Amino acid sequence: MEVSLPVSEQEAIDRFLGAPGEESFRDLFRTIVPRLVRYFRTRGCDRELAEDLTQEVMVTVYHQSGRLRKKELFRPWLFKIVKNTLLQHVRRTGRKVATVALTPGVHEPGGVIVDPLAASRFNEWMAWLEPDERQIMTLRYVEELEYHEIADVLEMPTGTVQWKVFHSKRKLAARFGKNSA
Amino acid sequence: MEGVSLEKEAGGAIRKEFSLMNSEHGFSERQWLEFLDGTIEPAEQAQVLEHLAGCADCATLASELVVWRTRLLEEGQGLREAFSVPEEAFQSMLSSSIERIRSAEPAGVRSSFGWTAAEGIIVLRFLMEPICGPGTARATIELAVQRSAGEGSRVTGSNWRLFVGNLSDAAAWICGSAFGRLVYRAGLGLAIEEG
Amino acid sequence: MSVHSHFTAARLWGALGIAAIAGTAYGALLVASPGSLTVRWLQLSLHLLTAFAYAWSTPLCVKIANDYRERSTMRLAWRLIAASAAIAVIRHLFESLAVAAGWIDTRLTTLVSLRQIPIVVSLILLTAGLVAVWSSFTSIGMGLRFRRADALFIAIILAFVPSILSLRDEMFDRQSVYPIIRHLQVASPMLLAAPALVSLVLHRITQEMGGGPLATSLRCLVAFLVMRLLALFLGLSPGIPVFTVASRTVWWAAAWLFALAVFHRWQVTLAASELADRYEADPDAELAGVTHALALRSAQPAAKN
């Protein structure tokens, strides 16, 4: 398939919300799907499940985009859908999805460890935080959401989000120190 | 840090007290957080740095947290780069998603990707007529087509949003804002084919 | 809004029926025993009932106006209509007081004749409001097409004016001690004819509309305007008791046509608001419902629109 010229995430969002057709949906898909897969993977979903849930999210985004009043709220709105999709999956399957894989490494077929989480210290750090702090830190430093966007996604005051980030960093500093590897 | 205590309230919310923040440290909570985040204004940054130069405790904490901010940013960047999606998997996901969208419509409804502008206009007219009457619906649609597409042209997917906006305005002009809002939401809810 | 939620079209028609019956009784008694106490009580009751009709309508007119955007012609139109209705309330309450206090016997040519002021102001506001309604429709290309028969209707309406003026000695406040009131009284037939002429345009607009609660609202408004002109003409016709009775029947019932017009227009706002909320909540389900119904209608070409 021919790959069209890459568009920025914001351009793709604007085009899709302006005219939700197949072409604009493809561009949007291309720009935001990696973010969605990453979200599910960092919450303990294997690749297949992450891709399934990502598809669910994108179908929901397509059907409900007409309800979005302001383009600027797209990212927090998207992450609310993502969060709810994961919660619904957990409820449906009765399965606990660890928000952080405490055992590094997932063996892909062939026995080769290819999980990026295994090579990341982020995973190890997050294990020392409370679930809500983990969620906020991931949204902030992995998904690069602004404080007010995180507040919108998690439905809490922006000030609380800021302080939880501060408190989380203090915890990490207290646990791992300034010079830990 | 003196003057700051964190308490867990019922429901898990954290409440802080800054009884000494302003008076002893000479800057506000907002400035402190922005300084640690690296988003503080230069003029205010100077104010915080001035304090840190004279307060060992604050300077130590600030130093640690700034280091941790950098680390977290680096690790976040690494994770973003690590979780790329192979093209094959991407195409498979895209095809499946489009298939799911096409097959998700209830019986009797056209595919979300399948509306032409002409069909969309028919749907909107059917929606409007019971409230404003067939004649008013026709008149407002004709006016909106004229304003959106110009004389002799037609409404297409590319000017659909403009058409819906103009139709909503005309509907609101005659029947009120509630009716205009209805037309707008319904019109935007229809996914019109481009071109 | 609670007082409005209790009213339905059926109840408003019922009130109209009551007013018509009471008006008929009033007219008949006016012919048979003009100064009787029963006539006075009926007159008082009818004024109060009419005041209630306008008072019920006024806040709805304001709500309808507020549903339009700032600086829109329709917003101005409905505000003018609301003001007209409010003045009509004042007029009928004043006349109720005049009847109750016996001023119509003792101060008819002085205090009571001042009722012409709210009558004229109300008619001017109503006419201005109707012209604004017409202007709004012309901006979308409606209300600009007329038929040859309209010339006949215009001639009939205009013919009412000299006919009524020729009967001006029969007018209630013709003997007022205030010159301004006498002039206003003479002007009132023209002020009744003006909105009646506008009603002709509105009637054409309702035909262009084809149906729906908006068209029903305008039709009630047209009927209200035409009936008042007719009632005035019939009431001034000397020595014809049937006309006297008929004029009272028509006159007292007319106010409830105004209330019906406002009620049907308000239903437009309610229906649109409810549907808009449903679309915002679940647009896919609502569009699915619309397209499904459209598909059914397409499969039944003989079905009524």
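Accessible areas here come from the Shrake-Rupley method with a 1.4 Å probe, and for residues only the protein chains shown count as cover. On that basis chain B exposes about 8,900 Å², with carbon and sulfur atoms supplying 50% of it. The model is predicted: local features need pLDDT of at least 70, side-chain atom pairs count only at pLDDT 80 or more, and totals for chains, interfaces and linings use all residues. Side-chain values use heavy atoms, with hydrogens and water left out.

- Chain B has nine helices and two strands; helices (H or I, at least four residues) and strands (E, at least two) are DSSP runs, numbered from the N terminus.
- From the N terminus on, its elements run β-β-α-α-α-α-α-α-α-α-α.
- Of the 195 residues in chain B, 50% are buried; buried means under 20% relative accessible area, exposed over 50%, and partly exposed in between (1.4 Å probe, protein chains only).
- Take the contacts in chain B (heavy atoms within 4.5 Å) between residues at least 6 apart in sequence: 44% join residues at least 24 apart.

**Salt bridges within chain A**

- The whole structure holds 21 salt bridges over all chains; each is a side-chain nitrogen of Lys or Arg within 4 Å of a carboxyl oxygen of Asp or Glu.
- D27(A) pairs with R15(A) in one salt bridge, with the closest N and O atoms 2.6 Å apart.
- D27(A) lies in helix α2 (residues 22-41) of chain A and R15(A) in helix α1 (residues 9-18) of chain A, so this pair ties together parts twelve residues apart in sequence.
- D27(A) is buried at 9% relative accessible area, whereas R15(A) is partly exposed at 38%.
- E133(A) forms a salt bridge with K171(A); the closest N and O atoms are 2.9 Å apart.
- Here the link is between helix α6 (residues 131-141) of chain A, which holds E133(A), and helix α8 (residues 158-176) of chain A, which holds K171(A), so parts 38 residues apart in sequence are tied together.
- E133(A) is buried at 3% relative accessibility; K171(A) is partly exposed at 27%.

**Between chains, and a network**

- R181(B) and D277(C) meet through their side chains in a salt bridge (3.2 Å, N to O).
- R181(B) sits in helix α9 (residues 177-189) of chain B and D277(C) in helix α10 (residues 241-281) of chain C, so the pair joins two chains.
- Both ends are partly exposed: R181(B) at 29% relative accessibility, D277(C) at 44%.
- In chain A, salt bridges that share partners join E9(A), R35(A), R38(A) and E143(A) into one network.

Technical notes:
Residues are numbered from 1 along each chain as its sequence is written. Chains are lettered from A and ligands numbered from 1 in the order in which they are written.
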